[in-house]
Amino acid sequence: MKKLAITGGIGTGKTFISKQFIEQGIPVFYADDEAKKLYRDIEVLRQIRDVFGNDVFDGDQLNLSRLSALVFGDEKRLRALENIIHPMVMKKFDEWAAQQNAESVMMESAIIFEGHLEKYFDKVYVVNASLETRLARIRRRNPELSDNEILARINAQMPQEEKCALADEVIEHDEDL
């Protein structure tokens, strides 16, 4: 079974493009969705508390807004969080892939290269779009975010130019199809 990855920065249109692969018979695992589920896992919560302390919790409940504010814009803290989440997401991906009846499977994730996950895949696709297009998409999807918050999230990720240089294939996606 071939393992493929599709990546790109926030707002590039990864999810839209991944649906095109699904239409071609390639099942897609959405890493962000799986990561969100992990934030309810007792072991993950324990590790987050050990690393970030009680300030990101309301009692036993993780406060994702506080955690996001703490890690976005602070590379060391972001990497610490990723070191908790990435191995568990990859484990879930492998379990999911083993259950698929397909010649190829795909993971959709914004942080394939940042997480040094490319080694797990036979081919990595990068979806690319201009900053203007990305900002417009993110504003539509997340109107609660300010431009500064959006730019902080974009800047927390590897620059698109670097991702494109590392890609096996780049998919340009500036137009909303």
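Guide: Gladly! Keep in mind that this is a predicted model. Let's begin with single residues and build up from there.

Visitor: Why is Phe-93 called buried?

Guide: Buried means under 20% relative accessible area. Phe-93 has a relative accessible area of 0%, so it falls under that cut-off and counts as buried. You will find Phe-93 in helix 5.

Visitor: What is Phe-93 in contact with, leaving aside its neighbours within four places in sequence?

Guide: Its contacts are Lys-3, Phe-29, Val-105, Met-106, Met-107 and Phe-121. As for Leu-145, it is 52 residues from Phe-93 in sequence, and the two C-alpha atoms are 30 Å apart in space.

Visitor: Why is His-116 called exposed?

Guide: The label exposed requires a relative accessible area over 50%. His-116 has 53%, so it qualifies as exposed. His-116 sits in the loop between strand 5 and strand 6.

Visitor: What is the phi of His-116?

Guide: His-116 has a positive phi, about 55°, although it is not a glycine.

Visitor: Why is Phe-72 called partly exposed?

Guide: Buried is under 20% and exposed is over 50%, with partly exposed in between. The relative accessibility of Phe-72 is 31%, so it belongs to the partly exposed class. Phe-72 is in the loop between helix 4 and helix 5. Not counting residues up to four places away in sequence, Phe-72 touches Arg-153 and Ala-156.

Visitor: Now the strands. How do you know that strand 5 is largely enclosed?

Guide: Five of the five residues of strand 5 are buried, so the rest of the structure largely encloses this strand. Both of its faces are covered. On one side, Ser-104, Met-106 and Glu-108 are buried, and on the other, Val-105 and Met-107 are buried too.

Visitor: What makes strand 1 and strand 5 a pair?

Guide: Two strands pair if there are at least two bridges between them. Strand 1 and strand 5 have five bridges, so they meet that requirement, and they run in the parallel sense. Leu-4, for example, has Met-106 of strand 5 as its bridge partner. Strand 2 also pairs with strand 5 in the parallel sense, over three bridges, and here Phe-29 stands opposite Met-107.

Visitor: What makes strand 6 largely enclosed?

Guide: Five of the six residues of strand 6 are buried, so the rest of the structure largely encloses it.

Visitor: Which strands are joined to strand 6 by four bridges?

Guide: Strand 1 runs parallel to strand 6 and is joined to it by four bridges, with Ala-5 opposite Val-124. Strand 7 runs parallel to strand 6 as well, and four bridges join them, with Val-127 opposite Ile-171.

Visitor: Which residues touch the most other members of the largest nonpolar core?

Guide: In this core of 36 residues, they are Ile-48, Leu-67, Ile-85, Met-107 and Phe-121. The elements giving two or more residues to the core are helix 2, helix 3, helix 4, helix 5, strand 5 and strand 6. Helix 5 provides the largest share, nine residues. Another core, of ten residues, lies apart from it, with Ile-17, Val-28, Tyr-125 and Val-127 among them.

Visitor: What does Phe-121 touch, not counting residues up to four places away in sequence?

Guide: Phe-121 touches Lys-3, Leu-4, Ala-5, Met-90, Phe-93, Met-107 and Ile-112.

Visitor: Let's finish with the pockets. Which residues lie nearest the centre of the largest pocket?

Guide: Ile-10, Asp-32, Lys-36, Phe-72 and Arg-153 do, out of 49 lining residues. The largest pocket has a volume of about 1600 Å³. Helix 5 gives the most to its lining, with seven residues. By class, the lining has 23 nonpolar, eleven polar and 15 charged residues.

Visitor: What is the volume of the second largest pocket?

Guide: Its volume is about 160 Å³. Among the residues lining the second largest pocket are Arg-79, His-86, Met-90, His-116 and Tyr-120. This lining divides into four nonpolar, four polar and four charged residues.

Terms used
Residues numbered from 1 in each chain as written. Predicted model: local features only at pLDDT ≥ 70, side-chain atom pairs only at ≥ 80, totals over all residues. Heavy atoms only, no water. 1 Å grid on protein atoms, 1.4 Å probe; cavity = no way out; pocket = protein on both sides within 12 Å on 5 of 7 lines; lining within 4 Å. Points joined across faces, edges and corners; volume = space filled by probe spheres on them. Nonpolar A, V, L, I, M, F, W, Y, C, P; charged D, E, K, R; others polar. Buried < 20%, exposed > 50% of the residue type's maximum accessible area, 1.4 Å probe, protein only. Core = buried A, V, L, I, M, F, W, Y, C linked by side-chain atoms within 4.5 Å. Contact = heavy atoms within 4.5 Å.
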